[in-house]
Amino acid sequence: MADPYQNNIYHQGGGDSYGTYGEGGGHDGYGYQADYSPQDEDAASDATEGHDEEDQMYEGEYQGIPHPDEVKAAQRAARAKDRTAGSAVSELEELAEQYEDIMEDCGHGRFQWTLFIVLGLALMADGVECFVVAFVLPSAEKDLCLSNAEKGMLGLVVFLSMMVGAFLWGGLADKVGRRRCLKVALAINCIFAFLSSFAQDYGFFLFFRLLSGIGIGGTVPIVYSYFSEFLQMDKRGEHLSWLCMFWMIGGIYASFTAWGIIPRYGWGFSMGTEFQFHSWRVFVLVAVLPAVSSLIGLLFMPESPRFLLENAKHDEAWMILKRIHDTNWRAKGQPEKVFTVTHIKAPKTAEDEFIEIQSATGTPIQRWAVRSLTLCKLVLRNVASLFSAELRLATLFMAVIWFCIAFSYYGLSVWFPDMIKQLQYEEYEAKVKTFHRERVENFHFNFSLENQIHIEGEYIRDKFISIEMKSVKFEDSLFEDCRFEDIRSTDTVFENCTIRSTVFYNTDLWEEKFIDCRMENATFEHNKHGCHLDAMRENDVLIYLVSFLGSLAVLPGNIISALFVEKVGRVKIIGGSMLISAGCSFLLFLSFSQAAIIVLQCLFCGVSAAAWNGIQVVTVELYPASKRATAFGLLNALCKLAAVLGSSIFASFVGITKAIPILLSFSALVCGGLVALKLPDTRQKILH
């Protein structure tokens, strides 16, 4: 059967270690069989399906403004001229220029938008992961009987595991493949996040969340590296910035679903006393859906052709590029356009030969061991190359910028809700009722006690039946011939009390709630074991509202950065946004109410989003393809380390002083903003 594309058979040089690109075709520098002019190549790059731009008049024609297609053709001709004139151009640089030409011919259309959604869901899953533990902790601490130290460890393990995952998967993605590593990382996240929802023990829950975090930690470095290699130069900054919006959508999704699910205590079930599945566990399951959706979508997406070319897999790369070209032009109503690339030069590295030679000998176990050891060495060598003379300065600058913004952003992200809780606590404490030397005899307490302090009281033959004690303190008091039955307590203590001939039946008043008390013939029967959920206190709606508003406030920053990242430039976006964010943090000195803190949080998050977007775009563009995911992974791991330090340091000053967190945040953002202004402009840089 005749193949309509039979004139496009891929050729690889017979005696060389790489295929050739640029022999014949009538064009200087690369092999195209021109059946359409450069003006036709991208004629419908931004048009909808079936739209025909040939019927439209270019509005700048009579103003002496060159048509965009003419500009592209001139740029391509200049690059081709440089290739033929400059003998010092390396094979990898030549591949980069040729690859850019090919992506321009493939256009931007349906294929990129489909990949955009799939990778966006993966980025959304990363955003959800950062919120899951914070949202479930108020319920999980009661369900799993967590101490303060265990709660702190659970919050810490999220960022530490993501730090490990970013470094691990980023390094592997440059050697094994972007798509392959992303699939494995998402699969690990899905499996262990699912298992964590059923874990009844703190140890298992911590272990499963640790592995889940290691999996999801690989998404950010891989997603940006992967998507950038399907974009042409003039669309790269804008569309990478739009992709960043999915992290915000992840925060909104997590806040909204937590708000709607966790307080619904009927959305669960139990199997005796050993297995409890409360509503917060339902939320953990729902939080996995973006990762599952992205994983399914990735099954239909190809590997990055740029990665394949870097690793001398020419035929696979050619087929994928042809698929991109045909998908886009068919969607634009021009299926007749033919993929005209015939030759691509792609060097075969010594690393490939080294692995092939070593993995071809020995038993299967030996081959696996040799292959794994060799892969580890190559990854570590790639990491070390980031500090070579060529990349040392760029890596140092980017490390400072990543650290500064992450330290401030995550530090303040913890500080904002903690400060709101502190203000609530101070307001609550101001309303405390104090009772001195009260004497109550033969009284039946059938109403709840809340926010009270009882000092030197005497309670004789009283009954406390089926009530809740919340934030109640009995100090230097006497209980004689009393009965406590079916009691639920929160933040309730008995300090320096005398308890005589008193019965405690089916209560959660354990030994640690009696501080320096004298027990005389006191009886404890059928004490409640384990912990219980407190629907009134543990799920304050404010925690969801603050996170929801903070995530939603990122939207303006995302839009502004996406629209202006090409016009204004990445460097100015990063530097300007970080300096403005520093000003926002300084305004926190003027915040004395919950409303003021929420407003400043929204302002800070919105401005910071533009800086984050610019940083991620520049990180992609500063490093060559063979080191891009590794560099992104290393810097993202540093970001998570800064998040741990920032959140820990800032939280330690809540209720003590707000001057130190504000000054630390201000100093870090100013430092990062000034360093960012020293970065090179990468707008017109071809991805190497």
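**Note on aromatic contacts in the predicted model**

1. F407 is a buried residue, its relative accessible area being 9%. This value, like every other in this note, comes from a predicted model.

2. The structure contains 47 aromatic pairs. One of them joins F407 to F650: the ring centres are 5.5 Å apart and the planes meet at 85°, so the arrangement is edge-to-face. An angle over 60 degrees is what places a pair in that class.

3. The F407 and F650 pair connects distant parts of the chain, with 243 residues separating the partners. F407 belongs to helix α16 (residues 392–430), whereas F650 belongs to helix α21 (residues 628–652).

4. Is F650 buried or exposed? F650 is buried, because its relative accessible area of 0% falls under the 20% limit.

5. A further edge-to-face pair is formed by F586 and F589, with 5.3 Å from centre to centre and 75° between the planes. Here F586 is partly exposed, at a relative accessible area of 41%. F589 is likewise partly exposed, at 27%.

6. The cluster is formed by F443, F445, F447, Y459, F464, F474, F479, F484, F494, F504, F514 and F524.

7. Charged side chains are also found over aromatic rings. R306 lies over the face of Y99, 5.5 Å from the ring centre. K337 is placed over the face of W329, at 4.2 Å from the ring centre.

Methods. Residues numbered from 1 in each chain as written. Predicted model: local features only at pLDDT ≥ 70, side-chain atom pairs only at ≥ 80, totals over all residues. Heavy atoms only, no water. Phe/Tyr/Trp six-rings, centres within 6.5 Å; stacked < 30°, edge-to-face > 60°. Helix = DSSP H or I, 4+ residues; strand = E, 2+ residues; numbered from the N terminus. Buried < 20%, exposed > 50% of the residue type's maximum accessible area, 1.4 Å probe, protein only. Lys NZ or Arg CZ within 6 Å of the ring centre and 35° of its normal.
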